[in-house]
Protein chains: 4
Amino acid sequence: MEINGVEIKETYAEGFGIKVTRILVTAATAKLAKIAATEATGYATSVIGCPAEAGIDCFVPSECTPDGRPGYAIMICHASKKALDHELMERIGMCVLTAPTAAAFNLLESEDELKTAFKLKYFGDGFEKDCCIDGRKVHSIPIMSGDFIVESTFGFKAGVAGGNFFILAKDQITGVKAAQMAVAAIRNIPGTITPFPGGMVASGSKVGSNKYSFLPASTNEKMCVTLKDQVDSDIREDAEGVFEIVIDGLDEESVKKAMKAGIVAACSVDGVLEISAGNFDGKLGAYILNLHDLF
Amino acid sequence: MEINGVEIKETYAEGFGIKVTRILVTAATAKLAKIAATEATGYATSVIGCPAEAGIDCFVPSECTPDGRPGYAIMICHASKKALDHELMERIGMCVLTAPTAAAFNLLESEDELKTAFKLKYFGDGFEKDCCIDGRKVHSIPIMSGDFIVESTFGFKAGVAGGNFFILAKDQITGVKAAQMAVAAIRNIPGTITPFPGGMVASGSKVGSNKYSFLPASTNEKMCVTLKDQVDSDIREDAEGVFEIVIDGLDEESVKKAMKAGIVAACSVDGVLEISAGNFDGKLGAYILNLHDLF
Amino acid sequence: MEINGVEIKETYAEGFGIKVTRILVTAATAKLAKIAATEATGYATSVIGCPAEAGIDCFVPSECTPDGRPGYAIMICHASKKALDHELMERIGMCVLTAPTAAAFNLLESEDELKTAFKLKYFGDGFEKDCCIDGRKVHSIPIMSGDFIVESTFGFKAGVAGGNFFILAKDQITGVKAAQMAVAAIRNIPGTITPFPGGMVASGSKVGSNKYSFLPASTNEKMCVTLKDQVDSDIREDAEGVFEIVIDGLDEESVKKAMKAGIVAACSVDGVLEISAGNFDGKLGAYILNLHDLF
Amino acid sequence: MEINGVEIKETYAEGFGIKVTRILVTAATAKLAKIAATEATGYATSVIGCPAEAGIDCFVPSECTPDGRPGYAIMICHASKKALDHELMERIGMCVLTAPTAAAFNLLESEDELKTAFKLKYFGDGFEKDCCIDGRKVHSIPIMSGDFIVESTFGFKAGVAGGNFFILAKDQITGVKAAQMAVAAIRNIPGTITPFPGGMVASGSKVGSNKYSFLPASTNEKMCVTLKDQVDSDIREDAEGVFEIVIDGLDEESVKKAMKAGIVAACSVDGVLEISAGNFDGKLGAYILNLHDLF
């Protein structure tokens with residue numbers, strides 16, 4: 001199968017279950033909202049080593065927010081409910097409450113809820129108030145620069161992590177450009193994030209290690225462009241730039257839409273040679289996402 | 001004392017000891033370097049609830065970097081060496097190694113060192129190499145998109161956290177503008193960061209709580225603009241916008257320079273009424289930073 | 001006189017009369033509004049060689065705009081009413097009407113008006129309509145992507161051009177940083193623009209030329225850092241970085257406020273040595289703006 | 001023909017001859033270079049009403065520039081050599097020479113040259129010098145903040161203007177997103193620009209007017225989404241968002257590559273319905289660019 005002359009391999013991405021939240025961070029201006037959203041979703045590329053997986057989903061214009069101010073939808077994800085609870089508490093409490101003019105609302109209706117703000121409100125030391133904005137139960141917590149508004153609870157649900165595809169390009173700079181196009185396209189799909197820096201992954205891992213028994217994960221040498229001559233490589237001869245796009249989403253459908261949009265966008269870049277995907281022979285993850293089935 | 005008609009209160013900021021690192025993140029372009037630096041320093045406003053305090057210090061042009069590529073100096077700080085060691089391992093390993101075209105070098109010569117890359121290099125699963133770039137010992141770790149270059153060790157030293165000043169302005173938007181000016185000025189002082197979102201703090205805390213005994217910290221009601229009529233407020237009658245700038249730095253001198261530059265810049269904004277500072281009566285912190293002594 | 005240790009010379013800037021307009025460009029998002037505003041105010045540093053002097057004044061949040069969308073106030077200026085009329089016609093017709101989701105409103109109440117949209121509306125080829133938005137008479141012109149809304153007339157008035165000050169710094173990079181601080185501060189003063197690239201001027205001119213009689217203007221060799229040893233220089237020995245900030249404003253008061261804010265902000269930068277100003281011995285311009293009188 | 005489910009109409013864009021230049025603007029940092037490049041290419045969407053057509057082509061990393069500093073390639077275009085000569089003189093003289101730390105080099109080898117800097121150098125008033133940088137003949141003109149380096153001549157050649165395609169989407173916001181994706185993709189094709197604001201056109205014109213005989217051009221009512229019910233519309237029933245991408249390029253090949261990349265990228269956006277193109281029945285332009293032939 002080909003898109004714009006680029007080969008789409010007959011393979012699949014293997015996704016995993018993860019618990020996801022979706023939170024709206026608003027502020028007096030879009031720029032201030034982005035500042036809070038960026039701080040709250042930093043240090044969150046992968047739960048392998050970061051305390052969460054998180055990212056900015058999309059811009060939400062003022063006419064679509066409860067407080068009539070511009071905002072950004074962010075997603076914070078973790079496999080463990082307890083860890084997720086902690087992350088929301090600290091990422092909202094330390095990175096949104098402290099941010100100039102920011103507020104936080106729930107964007108995910110769900111029976112499962114985290115009572116983040118139920119605890120956070122005590123920061124008001126008795127001056128906090130329960131209010132209602134746009135039909136939502138919120139807490140108003142007096143802080144130095146005004147009152148911090150935060151929705152009482154945040155829904156969470158079983159989502160999908162690890163949606164992915166590889167971009168194999170003729171050189172590194174072409175690979176970066178194609179990955180940037182893919183990330184820009186995925187930003188248009190609500191309910192998905194690309195948690196790695198700039199939305200792309202420069203490194204690939206395998207489970208365990210061939211040489212160091214103490215390592216839980218190590219570089220996937222078969223996917224390293226500089227090791228093509230030293231190992232039984234999975235990279236075609238003419239590809240010198242390889243990047244992975246990793247996607248977390250609210251559900252399988254969102255992740256598939258994001259993979260589709262990202263792949264088409266990457267294929268718009270001259271010099272992209274092949275789109276592939278990463279899996280563990282279907283043994284580890286609950287979701288099998290066939291590239292060819294996306295189209 | 002006055003600057004441009006703004007009253008500088010006769011008071012002081014109280015700073016604390018913290019262990020600081022200073023790391024250079026370079027990449028193929030300044031924009032890609034900033035992406036890696038931003039991810040690596042996210043979720044790091046205060047160690048009260050975040051795993052570290054971190055931020056971007058300044059841009060470093062390509063003619064001043066070991067690999068001749070543009071970069072950003074970042075600082076990652078923690079009171080505990082062990083925690084700092086963990087943070088460098090994960091923030092570099094998960095947020096810089098994974099970022100497109102990024103590399104990491106040490107910017108802090110010190111006898112005390114963290115052997116971050118000595119562990120990180122094993123990710124190469126035997127394909128890693130020791131090299132030398134610009135007189136520095138680095139490790140070259142093959143990853144998907146090329147080789148990740150990381151300096152072998154990162155220096156750390158006793159620095160200063162909690163340098164601060166308050167901006168009292170006639171309204172919230174004026175306060176934000178003044179805080180933005182202050183943060184822009186502090187960006188010009190190497191060796192300092194303003195770790196909060198956008199560099200400013202919208203909330204102020206006091207130790208403990210008057211109402212909830214289980215709380216280690218709660219809102220500082222005396223500094224809340226919306227509680228001026230309900231409590232014995234520390235905010236003058238005509239001030240409706242209050243923001244704090246918090247500064248971490250390599251040493252007392254850097255923090256003082258940053259406070260000075262930030263205060264002067266804040267005073268350029270029409271509608272700023274007063275500059276004050278936060279302290280604990282000198283009982284908790286090791287550093288007494290008098291506002292009047294800065295000038 | 002000194003601010004933060006920087007000498008403020010006892011001299012003055014000499015300003016000129018110019019006709020100014022102030023236009024609000026709104027769009028679906030702040031980012032889209034900025035795109036239109038930037039295109040409409042480009043190629044407009046000085047009427048010496050550009051068809052106009054223009055720039056972005058400030059951001060206008062959605063709650064302060066006639067159509068409830070975020071926007072930017074821009075200013076377009078020219079000494080000649082006829083030239084100004086032409087510039088508004090083309091800059092709005094070619095750069096705002098063509099921009100995605102953009103609209104244009106008048107921000108300057110004045111008896112003197114340009115009937116820009118009265119002509120522009122004929123572009124609708126009979127499908128244009130007269131409407132009223134927020135009490136303003138506007139034209140609704142059908143274009144490909146929707147209807148372009150433009151206020152019927154734009155006010156203009158006698159304003160002030162050529163407000164200025166020089167920043168003398170120890171080196172070029174310090175000068176750039178100080179100029180950036182000054183420009184950021186001036187952005188907070190409504191009714192003023194800094195029309196040069198990035199808001200600062202890297203070159204200074206004198207009237208006429210010593211060597212080439214055919215030149216109306218040439219480099220001001222007395223203010224060139226690289227000619228200090230060859231001419232009777234006006235630059236102190238220790239200054240190697242010199243930049244000028246040029247300000248156009250709605251009136252003398254706005255320009256003075258902008259000069260004041262810019263000077264204080266520039267003085268926050270360590271390494272700035274002196275603030276001076278440019279004039280023609282008071283012979284050419286109508287406005288004498290003494291630096292010391294600003295404070 | 002379909003790409004990702006989007007219909008590509010069997011039609012063609014009609015391009016025109018235009019004279020093009022390609023200029024490299026470098027500066028101390030990529031950000032400063034972009035400031036100069038943006039000012040120099042503003043107010044330049046179409047020669048119908050602007051003094052030129054111009055835009056930023058692409059970023060040029062420091063290792064590929066004559067002075068080892070980062071830069072941006074820009075293109076300035078006009079049908080008339082005389083007008084082009086004037087535009088280069090003023091856009092370089094007023095917007096690059098005046099910009100902090102900027103320099104300008106020729107990026108287009110051609111027998112046809114504009115002697116822009118041959119005239120510009122006289123601004124140095126006798127202090128200018130002829131130098132050689134990286135094998136290029138340049139002039140060094142002393143200005144306030146240092147020396148302005150500008151290449152002696154700038155090549156120009158017969159290029160192609162008016163390459164284009166239409167994006168028909170289900171609603172306006174989807175149309176904007178698709179246009180943004182297209183513009184991002186075209187940025188990857190060296191030698192092309194999208195001169196309209198944000199790279200896209202919100203308005204479409206027809207030659208002349210049905211109602212007003214004095215108009216040279218008026219809205220193309222058949223392509224207006226809000227006139228679908230009033231005229232014999234060319235827009236399908238389900239399309240409510242329509243944007244055009246207009247491309248100028250060094251030659252037909254570049255424009256075709258840009259159209260191709262832009263169309264594929266636009267088709268990655270869910271909700272895009274159809275790609276079409278604008279022409280004048282082949283009667284006016286010299287270039288017939290068939291959409292189907294691109295693939």
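**Interfaces of chain B with chains C and A**

In the predicted model, Lys257(B) forms a salt bridge with Asp270(C), with the closest N and O atoms 3.4 Å apart, a salt bridge being a side-chain nitrogen of Lys or Arg within 4 Å of a carboxyl oxygen of Asp or Glu. Between chain C and chain B the count is two salt bridges. Local features need pLDDT of at least 70 and side-chain atom pairs count only at pLDDT 80 or more, whereas totals for chains, interfaces and linings use all residues. Side-chain values use heavy atoms, with hydrogens and water left out, while residues are numbered from 1 along each chain as its sequence is written and chains are lettered from A, with ligands numbered from 1, in the order in which they are written.

At this interface, 16 residues of chain C are in contact with 16 residues of chain B, contact meaning heavy atoms within 4.5 Å. The two chains bury about 1,300 Å² between them, 62% of it on carbon and sulfur atoms; buried area is the accessible area (1.4 Å probe) that two parts lose on being put together, summed over both. On the side of chain C, Asn4(C), Met181(C) and Asn188(C) lose the most area to chain B, together 37% of what that side buries.

Helix 4 (residues 172-186) of chain B packs against helix 4 (residues 172-186) of chain C at an angle of about 175°, the axes lying 10 Å apart. Helices here are DSSP runs (H or I, at least four residues), numbered from the N terminus, and axes are lines fitted to C-alpha atoms over the stretch in contact, with angles running from 0 to 180 degrees between N-to-C directions. The two helices are therefore roughly antiparallel, a term for angles over 145 degrees. Met181(B), Ala184(B) and Ala185(B) make the contact with Met181(C), Ala184(C) and Ala185(C).

Chain C can be laid on chain B with an RMSD of 0.0 Å by a turn of 180° and a shift of 0.0 Å along the axis, so the two copies are related as by a two-fold rotation axis. Superposition is by least squares on the C-alpha atoms of residues with pLDDT of at least 70 in both copies. In chain C, the C-alpha nearest the axis belongs to Ala265(C), 2.4 Å from it.

Chain A and chain B bury about 5,700 Å² between them, 67% of it on carbon and sulfur atoms, and each contributes 73 residues to the contact. Two salt bridges are counted between these chains, and the side chains of Lys206(B) and Asp125(A) meet in a salt bridge (2.6 Å, N to O).

Terms used: Parallel < 35°, antiparallel > 145°, perpendicular 65-115°, else oblique.
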